[in-house]
Amino acid sequence: MKLPIYMDNHATTPVDPRVFEAMRPYFTDIFGNAASRNHSFGWQAEEAVEKARKQIADLIGATAKEIVFTSGATESNNLAIKGVAEMYGEKGNHIITAATEHKATLDTCKHLEKNGCRVTYLPVGQDGLIDLNMLREAITDKTILITLMYANNEIGVLQPVAEIGKLAKEKGILFHTDGVQAVGKIPVDVNRDGIHLMSLSGHKIYGPKGVGALYVRRKSPRVQLTAQIDGGGHERGMRSGTLNVPGIVGLGEACELCRKDMPEESVRLRGLRDKLMNKLMAELDAVYINGSMEHRLPHNLNISFAYVEGESLLMGINDVAVSSGSACTSATLEPSYVLKALGAGDDLAHSSIRFGLGRFNTEEEVDYVGDKVVDVVRKLRELSPLYEMAKEGIDLAKVQWAAH
Amino acid sequence: MAYSDKVLDHYNNPRNVGSLDKNDPNVGTGMVGAPECGDVMKLQVKVNPETGVIEDAKFKTFGCGSAIASSSLATQWLHGKTVDEALAIKNTDIVNELSLPPVKIHCSVLAEDAIKAAIADYRKKAASGTEVAAEARA
């Protein structure tokens, strides 16, 4: 077993060697511009791009023409949300999203609010899921877009996408979903789920960074977008800019591998995730899972170790790469807004660790990580005045803290 | 973010972890911070009432590595100091000793606050103890 162990696969994934091999010729040998229509260099590049388009479409039940290449899911989210807001501005100016969305969605919505859009940020329950009735009630005759993520990047919970899609169809509203964490990991089908627009990214599915796609529905209804990048009119006018051919080839190959490996891989990762979870819960007290276990990605575990601060825990398991919702690990010095939205209290957000298992994690690694986390949590609880107080039977919620 | 060697040393081998009897009249207890802010420090001193010298100091901290290191270092420094000398410890001394980056300065502030709170608690106890003794004599 090699150290350090990477278990932060919601942040990014390594490129699969098979993906890398597929990309390799497109840097130096087949380097043409896919938009060059008058020589073989261009034709070969275009052919590779079209193959990738098909590979992506096949993974999500779409057709190749519905795939628009971008630089990644942040751009896809921007294009989908801003593109719809501009294109359908005459129809309405109201967008519905949720408090636990990725910043690429939330900040895009905030930007639009400055430009006269009205945005509803739905709360989530303690399980991290939106309430469909609340969504229904939030819809007005001015609503043009519902944008809700398929799977959450921190707690891995799956929103009721098919039901949201049904509601959107019934009300004649467009439905965009940020599919970054779900695509390639669980079966996603844009027709079954009633999705009109979906963002996805290469580097979350063992493909390269710097490439992503936006699925844009072409039939019933045909979705139109106002381009956010102007130029040569690539990608049916929705996204100008010379195509990143090696990246696109990698994204396509990554999608094909996910499609083929998913049935086996998701079962294996679920088994490893559950093994890790069961060990932590059996050997430690006061451990809490954040978000629904029932509606969740198979490879995600987000767990709070009460009375232990997240960054100090990460420091103790420094040969394991995971993330924490603790304020001390964030750039803003605020604890995770996703965990705060669950209403479990800031103290549990500070104590949270996100494990993101991936294709290259082994059972041996999971066993090592489990042992290590148990050891370090025990050690830190010996150091923790909160654990001592809890053991003495003091209700920490009733203590008057000198907040700073 | 990389941690300084001294922070790592205190994190890996924290000095003076534990608790003193908070009901002992010679023990002062300071508890600062809040769980929802991500750090809570408990720092205790045991003072010799004759000499005013701190004979023992213990801590327990819920917080990041720098918070643990700051409180560990503080207890180390408190040993053998008089109460007045202890009050002269500044958070900047801790920042310098541990090479804390700007985002971790609040950890050192918390440690300074914990020292002050522990000594204030001791002084309050000592004062009321004197009153009790005075009343007994009267």
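The model is predicted, so local features need pLDDT of at least 70 and side-chain atom pairs count only at pLDDT 80 or more, while totals for chains, interfaces and linings use all residues. Residues are numbered from 1 along each chain as its sequence is written, and chains are lettered from A and ligands numbered from 1 in the order in which they are written.

Is B:K42 buried or exposed? B:K42 is buried because 25 other C-beta atoms lie within 10 Å; the term buried asks for 20 or more, exposed for 12 or fewer, and partly exposed falls in between, with C-beta atoms placed from the backbone. Beyond its neighbours within four places in sequence, B:K42 is in contact with A:P385, B:T29, B:M31, B:F59 and B:K60, where contact means C-beta atoms, placed from the backbone, within 7 Å. B:K60 is 18 residues from B:K42 in sequence, with 5.2 Å between their C-alpha atoms.

Now turn to chain A, which is divided into domain 1 (5-9 + 262-391) and domain 2 (17-258), with bounds from an automatic or database domain assignment. Taken over C-alpha atoms, the centres of these two domains of chain A are 29 Å apart. Where they meet, 20 residues of domain 1 of chain A are in contact with 21 residues of domain 2 of chain A. On the domain 1 side, helix 8 (245-283), strand 10 (300-305) and helix 10 (337-341) of chain A each give two or more residues.

How values were computed. Contact = placed C-beta atoms within 7 Å. Helix = DSSP H or I, 4+ residues; strand = E, 2+ residues; numbered from the N terminus.
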